[in-house]
Amino acid sequence: MKSSRRWSTAIKSTLAVSALTFLAGCAKDAPQDTWQPAGPNAEKIDNLQRPVFYVAGIVGVIVFAAVAWVIFRYRDRGQALPEQTHGKPALEITLTVIPVLILIGVGVPTVGTIFDLAKTSDTEMTINVTGQQWWWEYDYPAVGDNADVYGISEPIVTSGQLVIPEDTKVLLRVTSRDVIHSYWIPKLNGKKDGVPGRVHLLRLEGSEPGIYAGQCTEFCGLSHAYMRMETVVLSKTDYAAWVANQLEPYASPSADNALAVEGEKLFLQQCARCHQVNGLLNPDGTPNIAAPDQYVVSGAAPNLTNLMTRNTFAGASWDLLTPECRDDVWNASSAEFGAKYLAGVSEDCLNQKDLREWLRNAPEKKPMYADPTKLTETGGKYRGMPALGLTEDQINAIVAYLLERK
Amino acid sequence: MITTGSKFLYGLGTATTVAAILWFIANDGGSIGVVALAFLAVALFFIGAIASFVRDGHVLSTETEAHASSNAAQRGVGRSWFPFGTAFATGMVAVGLVSSPGIFKVGICLQFAMLGEWLIKNWSDRASSNPAYNEKVRSWVVHPLEIPVGGSLLLAVIVLSFSRIMLSISKESGPIVFAIAGALVLFVGSMISVRRGASRRIVGALAGVVLVALSGAGIALALDGERHELTVAAEEDHFAHRPCGEEAEEADEDAGRAVSAKSSVAATVILRDGRLFAEMDGWAGELSAITLQRSNPSNILFINEDDHEHRMVVTYGMITEDLGGGVSKDTVLEACTSLIGKGGTQAVSVVIPKPSFASEEPYSITVPGVEGASIEIQVP
Ligand SMILES: [Cu+2]
């Protein structure tokens with residue numbers, strides 16, 4: 001009696017845990033859900049994985065039920081050992097042929113999908129995607145159709161948020177500057193590793209304007225968990241506006257914004273050795289050329305020319321928008337989304353808290369190998385951004401300057 | 001009483017003591033080596049003393065009558081060719097002194113080896129009146145040295161012969177010759193293992209013949225010299241000048257630096273009918289401009305379909321070093337393939353640290369000698 005009660009408790013708690021685990025899979029707000037495709041590539045995967053999942057599920061249920069039934073039906077009740085036989089060709093052949101048929105049924109469409117997803121001949125736009133500890137850089141080369149059709153007359157370099165036109169077959173050339181990373185926007189396609197010295201191709205296409213979140217899916221060191229990314233899909237007209245804005249020439253802060261003028265000076269002293277701002281001039285009038293290759297292990301730091309046209313920073317791990325403004329953009333209908341995204345970050349919407357914390361002490365916010373006393377191994381180079389010891393006044397000036405970068 | 005066995009140990013002990021003193025002098029005092037050698041000497045003298053005490057273990061010290069009749073007390077005389085070897089080595093030393101230091105060094109080593117062998121042979125010949133037993137005693141002492149040293153020498157001869165043969169025969173016949181040789185070894189080996197009866201003598205003789213043939217071929221081909229391209233490259237002093245310049249003439253006829261081509265190429269550059277163009281994943285057709293990610297290793301593959309030999313040169317800006325005192329040095333950043341003939345393929349790998357707008361000259365891919373052949377490289 002006692003033991004059967006203990007058993008029923010065990011069974012009940014097992015059921016409860018399974019149900020909880022199962023329900024946890026049904027989150028309402030799940031931006032990285034592979035079951036909600038938002039583009040043709042992801043749909044192809046979905047069209048394959050659903051039937052496979054059902055087939056596997058049915059097979060699984062049958063097998064589990066059969067095992068459970070055998071365990072119960074033939075449990076040891078002290079009966080004599082049944083007759084032992086060896087070999088039953090008819091049964092064995094059947095049990096081999098059925099799985100083979102099922103696997104062929106699954107295999108043929110799988111191979112077809114693999115080839116479909118590897119196709120590159122229908123590419124309409126090509127973007128370079130480069131991973132490094134712990135953020136993604138995107139560069140939009142001014143080569144071929146990028147220049148001729150999409151108006152990218154000069155290369156555009158951004159980070160964190162990839163911006164692509166709607167219903168356009170984009171091909172990403174994925175690589176890495178240090179260790180292996182992996183690019184994955186679950187709603188748009190499968191994942192693709194970025195491997196140093198290799199270029200891997202990944203198709204990406206979104207059929208609905210909006211923001212699609214993802215996350216580096218290859219463990220890449222200390223801040224792997226803070227290496228996120230987003231892909232922003234804009235309608236074709238909005239995309240043209242976005243490109244035009246990115247290519248607009250640099251303008252120094254006007255004299256009546258004294259704080260931003262001060263910020264530009266500070267930026268040249270403190271930040272410009274790592275961060276490129278296209279068009280920024282040195283005090284002697286020569287163009288400023290950042291040299292991240294001398295200070296950072298990966299040889300790169302985010303290009304800040306148009307920082308405030310994106311909504312996130314530092315590996316898309318923090319928002320540049322306040323929570324209210326962010327919700328406004330994320331929850332916009334697809335008709336309104338473009339205009340809201342293109343508005344960028346205004347002074348009222350700027351997430352001052354996180355950006356200031358970053359400028360005050362970046363390695364404290366995001367773990368990075370940026371302790372200047374421990375850099376012998378890398379020849380004095382940082383992984384990530386070091387703490388620069390700025391005063392609050394300096395941070396005010398720099399924030400004022402950064403707010404104009406859009 | 002100093003018995004035959006203990007004599008050996010005392011001798012070794014003395015040699016070790018001398019070695020310890022020499023080590024001490026050579027290493028300016030205080031060294032772990034001296035301590036180790038001194039301990040070894042003490043241990044050897046100790047064991048030597050025990051060997052003396054027990055008359056090499058042949059007779060009990062109490063059995064005094066047996067002392068004279070024991071094996072250790074007998075003398076047999078064996079024949080030895082080590083005096084001849086020593087004399088030969090001495091001759092080599094003399095010849096080496098007047099001709100080349102190499103011969104002198106080999107002579108010295110050989111002299112030591114022969115003297116050592118002679119010493120041990122003499123010693124073991126006195127072990128007993130039984131020559132077979134004496135030979136066994138000798139082998140206990142010298143085999144741990146003779147076998148590894150002899151084996152290494154044999155290996156060195158084989159490796160050296162192989163390398164001389166490979167450097168001398170042409171690139172085309174090399175793979176065929178060595179494929180056949182490998183197949184033969186495999187075949188003979190399996191024959192021997194299948195036919196259990198094969199006598200040791202036959203196998204030994206076979207191995208001997210092969211060794212002689214191999215080293216003979218090695219010596220002959222070493223005298224014949226290396227194959228043409230290698231000789232030319234050496235004469236041209238291939239590494240003394242800028243390999244991308246016009247003056248580098250040596251061509252890699254059958255360009256083989258295409259390994260990276262198989263791994264991953266960022267762009268393929270083709271010279272065909274006097275036109276230079278690029279192909280890249282992601283763009284259809286022929287490109288006159290390519291894009292490479294900054295600060296990132298990129299492999300560029302060059303395919304020469306022209307009748308003449310050509311090389312591809314990638315130029316990506318200039319660095320200016322300040323040497324102080326108003327003097328600065330400009331270094332053009334460039335990378336190139338070697339000259340390759342028609343149908344040849346070669347890759348270069350470049351890491352471009354600065355964006356293209358940092359340079360006044362556009363970054364480019366060119367082929368020296370082909371007018372107007374240029375592809376722009378865009379680095380964002
Ligand atoms: Cu990563």
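In helix α8 of chain B, the buried residues are Leu214(B), Ser215(B) and Gly218(B). Among the parts that cover these buried residues is α6 (131-168) of chain B. Please keep in mind that you are looking at a predicted model.

**More on helix α8 of chain B**

- An α-helix has 3.6 residues a turn, so residues three or four places apart point the same way.
- Helix α8 of chain B takes in residues 200-224, which is 25 residues.
- At 1.5 Å a residue, α8(B) should span 36 Å, and this agrees with its end C-alpha atoms, which are 36 Å apart.

**The copper site**

- Four residues of chain A supply the protein donors of the copper ion: His181(A) through ND1, Cys216(A) and Cys220(A) each through SG, and Met227(A) through SD.
- These donors lie 2.1 to 2.5 Å from the copper ion.
- The four donor atoms subtend angles of 90 to 126° around the copper ion, and the arrangement is therefore tetrahedral; for that label, all angles must lie between 85 and 135 degrees.
- Along the sequence, the spacing of the donor residues reads H-x34-C-x3-C-x6-M.
- His181(A) belongs to strand β6 (residues 181-183) of chain A, while Cys220(A) sits in the loop between β9 (210-215) and β10 (228-234) of chain A, so this pair ties together parts that are 39 residues apart in sequence.
- Are His181(A) and Cys220(A) buried or exposed? Both of them are buried.

**Backbone features to look for**

- Most residues other than glycine have a negative phi, and most peptide bonds are trans.
- Which residues does a cis peptide bond join? They are Gln133(A) and Trp134(A), and omega there is about -5°.
- You can find Trp134(A) in the loop between β1 (125-132) and β2 (135-140) of chain A.
- Asp167(A) is not a glycine, yet its phi is positive, at about 50°.
- The loop that holds Asp167(A) runs between β4 (161-165) and β5 (170-176) of chain A.
- Asp167(A) counts as partly exposed because its relative accessibility is 39%.
- In chain B, Asp273(B) also has a positive phi of about 50° without being a glycine.
- Look for Asp273(B) in the loop between β2 (267-272) and β3 (275-280) of chain B.
- With a relative accessible area of 68%, Asp273(B) is exposed.

How values were computed
Residues numbered from 1 in each chain as written. Chains lettered and ligands numbered in written order. Predicted model: local features only at pLDDT ≥ 70, side-chain atom pairs only at ≥ 80, totals over all residues. Heavy atoms only, no water. Donors = N, O, S within 2.8 Å, 3.2 Å for Na, K, Ca; no water. Tetrahedral: all angles 85-135°; square planar, octahedral: opposite > 155°, others 65-115°. Helix = DSSP H or I, 4+ residues; strand = E, 2+ residues; numbered from the N terminus. Buried < 20%, exposed > 50% of the residue type's maximum accessible area, 1.4 Å probe, protein only. Expected span 1.5 Å × (residues − 1). Contact = heavy atoms within 4.5 Å.
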